[in-house]
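Work through the exercises below with the structure open. Each task is followed by its solution.

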Amino acid sequence: MTLQSFGHWLESTALSQGLQSTHGAIADIQIVHILALATLFALALNLSLRIAGRGLTAEPVPSLAGRFVPAIWSCLAVLLISGTLLIVAEPGRAIFNKVFYTKMVLVLLAVSFTLWLSAVARRQEGKPTRLRTTAAVLYMLIWMSVIVAGRFIAYMV
Amino acid sequence: MISESLQWLQGTSLAVAVSEQWFPYIESVHVITMALVAGTLFIVDTRLMGITSKGVTFSYLSERLLPWTWWAFGGSVITGTLMFMGNATGYYDNTCFRWKMSLMLLAGLNMACFQRVTFRGVAAWDSARPPLAARLAGILSIVLWSGVIGFGRWIGFTT
């Protein structure tokens, strides 16, 4: 099956047809996607700041990570579901788009960093190390790149 | 008068540069700053509603988070203004744009009311479950800012 025929098949499914013919469905799913992204981004920022020894410093790193990391995963789940629906609704906008694949690689990187940083944060005691601080900064830069790539999908069709 | 000012605004060389070259980049920065505004507010608002971060005081959480909200809001206003300039007459006539601005105004009023009235007595509930007025302010803030984002996204589909 070529990418082209996969796209045509996906576009012809009942779910895709339903989303395409429902007025406002795509915009509303995008809104859910953006709200989850905003929440995730702020949680990631506070986790990163805390790992770097800043921000919500009244609380030990493991305790903050214990609350914020599950919330990050919940946001990621909402992003994954809403994102998948957006691809199903408009396959051509994503699967032939280089920026979309760039975004997916960045998302995988962000997920790997989430796994790593959450493991690190759960047992972090004492002062932050240079490596962890660098990783925390990188983590935020990756999320920002994901956001920019996501916005640019719309301009690279 | 308004229409002429908007015409003039979108004819300026800055506005033309925005609409012809810089729009996707400015919009990307707008999304990042907007995400920070809404995301940090959601963390503070859910604490205000008494459902998250119960182990820390409200004043501590808002003290640490709201500076980020304000800086990001500044960035959103600058990038938003630039985007507006690029198509001033179009946005001015757009119903979703007007809803977005109105909801943002209401969100500001909600915040001002909370700061001037409910927050004055924060000492009594700082580490406990906030009173009804505070919880309502938290819910209202989440609803209004979600509306701002929602109508903001709809602007793109209606201009």
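**Exercise 1.** In this predicted model, determine how helix α5 (residues 95–116) of chain B and helix α6 (residues 132–158) of chain B are oriented to each other.

*Solution.* Start with the axes. Those of α5(B) and α6(B) come within 8 Å and cross at roughly 160°. Next, apply the cut-off: angles over 145 degrees count as roughly antiparallel. The two helices α5(B) and α6(B) are therefore roughly antiparallel to each other. Then take the hand. α5(B) passes α6(B) in a left-handed crossing. Now list the contact. On α5(B), the residues include B:Trp99, B:Leu103 and B:Phe114. On α6(B), B:Leu144, B:Phe151 and B:Ile155 are among them. Finally, classify the residues of this contact: 17 are nonpolar, five polar and one charged.

**Exercise 2.** Is B:Met85 buried or exposed? Find its contacts beyond the neighbours within four places in sequence.

*Solution.* Locate B:Met85 in helix α3 (residues 58–86) of chain B. Count C-beta atoms: 21 others lie within 10 Å, so B:Met85 is buried. The cut-off is 20 or more. Then look beyond the sequence neighbours. B:Met85 contacts B:Leu9, B:Gln10, B:Thr12, B:Leu14, B:Ala15 and B:Val18. B:Leu6 and B:Met85 are 79 residues apart along the chain, with their C-alpha atoms separated by 8.0 Å.

**Exercise 3.** Describe the side of chain A that touches chain B.

*Solution.* Count first. Chain A gives 22 residues to the contact, and chain B gives 23 residues. Assign elements next. In chain A, α3 (25–51) and α7 (130–153) each supply at least two residues. The largest share, 11 residues, comes from α3(A). Last, sort chain A's side by type: 16 nonpolar, three polar and three charged.

Technical notes: Residues are numbered from 1 along each chain as its sequence is written. Chains are lettered from A and ligands numbered from 1 in the order in which they are written. This is a predicted model: local features need pLDDT of at least 70, side-chain atom pairs count only at pLDDT 80 or more; totals for chains, interfaces and linings use all residues. Two residues are in contact if their C-beta atoms, placed from the backbone, lie within 7 Å. Helices (H or I, at least four residues) and strands (E, at least two) are DSSP runs, numbered from the N terminus. Ala, Val, Leu, Ile, Met, Phe, Trp, Tyr, Cys and Pro count as nonpolar, Asp, Glu, Lys and Arg as charged, and the others, Gly among them, as polar. A residue is buried if 20 or more other C-beta atoms lie within 10 Å of its own, exposed if 12 or fewer, and partly exposed in between; C-beta atoms are placed from the backbone. Axes are lines fitted to C-alpha atoms, for helices over the stretch in contact, and angles run from 0 to 180 degrees between N-to-C directions. Angles under 35 degrees count as roughly parallel, over 145 as roughly antiparallel, 65 to 115 as roughly perpendicular and the rest as oblique. A crossing is left-handed if the near helix is turned anticlockwise from the far one by less than a right angle, and right-handed if clockwise.
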